[in-house]
Amino acid sequence: MTPVLSICLLALTAGLGLALVRLVRGPSLPDRVVALELFSTMVVGIIGIVAIAAEDVLLLDVAIVMALMGFMATIGFARFVERGGQGDD
Amino acid sequence: MIELLEASLLLTGTAFMLVAALGVIRLPDLLTRMHATTKAATLGITLIMLGVALHFGQATVVARALGVVIFVMLTAPVAAHVIGRAGYFVGTRLWSGTLKDELRPHYDPLTHRLHSGLEEDEEGGRRPRGDG
């Protein structure tokens, strides 16, 4: 693994940690959903970089599925919030 | 040359993702946080996927990487709109320094109705619309 890939993975992991802090602290449920959406986007980026590091093309399919799951999860959470789930906790 | 371009694409994309994470932890309320995550993260994922496409250089990989990019670019605004709307409707507090909230005078949170100012009034007649 070249140093560039290591730097990218380290920085993305640090970003995951920051998003995790917001996920734990976030004052309301929509804040947590936004943190989760950022989480899934960053995981897609990590999978892309791991695909370069492992020289494995098939990992890109995993990235596509991950992006799809993040979108569906956000839509589901938004409907849950809007249909009178817990607004503040 | 290709390696240099690829490395710069990956590093720039990672920097944008890190900026998005910093924004989501530093910015004060829901809408500003969404402003950070949607735009910066979408640009970051675009640059990273362009780097991946440049690294492999086969047609199938380029198609898949562009598929990820187009999918994220199509779905990120939709997801941001839906969650922002839900957050506003359940009454998430805006930042104390917010200057303008144009939705507040038109939206009734109890009846969940949005007034445009052109509705029919109580008697059922239409208000003059300025055509004489």
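**Chains A and B: a briefing**

In this predicted model, 39 residues of chain A are in contact with 41 residues of chain B; two residues are in contact if their C-beta atoms, placed from the backbone, lie within 7 Å. Because the model is predicted, local features need pLDDT of at least 70 and side-chain atom pairs count only at pLDDT 80 or more, while totals for chains, interfaces and linings use all residues. Residues are numbered from 1 along each chain as its sequence is written, and chains are lettered from A and ligands numbered from 1 in the order in which they are written.

**The side of chain A that touches chain B**

- Helix 1 (3–25), helix 2 (29–54) and helix 3 (59–82) of chain A each give two or more residues to this side; helices (H or I, at least four residues) and strands (E, at least two) are DSSP runs, numbered from the N terminus.
- Helix 2 of chain A supplies the largest share, 15 residues.
- By class, this side of chain A has 28 nonpolar, seven polar and four charged residues.
- Ala, Val, Leu, Ile, Met, Phe, Trp, Tyr, Cys and Pro count as nonpolar, Asp, Glu, Lys and Arg as charged, and the others, Gly among them, as polar.

**Helix 3 against helix 3**

- The axes of helix 3 of chain A and helix 3 (residues 59–89) of chain B come within 9 Å and cross at roughly 10°; axes are lines fitted to C-alpha atoms, for helices over the stretch in contact, and angles run from 0 to 180 degrees between N-to-C directions.
- That angle makes helix 3 of chain A roughly parallel to helix 3 of chain B (angles under 35 degrees count as roughly parallel).
- The contact between these two helices has 18 nonpolar, three polar and two charged residues.

**Chain A as a whole**

- Chain A has three helices and zero strands, in the pattern α-α-α along the sequence.
- The radius of gyration of chain A (taken over C-alpha atoms) is 15 Å, well over the 12 Å that the globule rule gives for 89 residues, so chain A is more spread out than a compact globule; the rule is 2.2 Å times the number of residues to the power 0.38.
- The C-alpha trace of chain A spans about 50 × 25 × 10 Å along its principal axes.

**Annotated regions of chain A**

- An unreviewed UniProt entry annotates residues 35–53 and 58–81 of chain A as "transmembrane region"; such annotations may be inferred rather than shown by experiment.
- Residues 35–53 of chain A are 100% helix and 0% strand, with end C-alpha atoms 27 Å apart.
- Residues 58–81 of chain A are 96% helix and 0% strand, with end C-alpha atoms 36 Å apart.

Key
Parallel < 35°, antiparallel > 145°, perpendicular 65-115°, else oblique.
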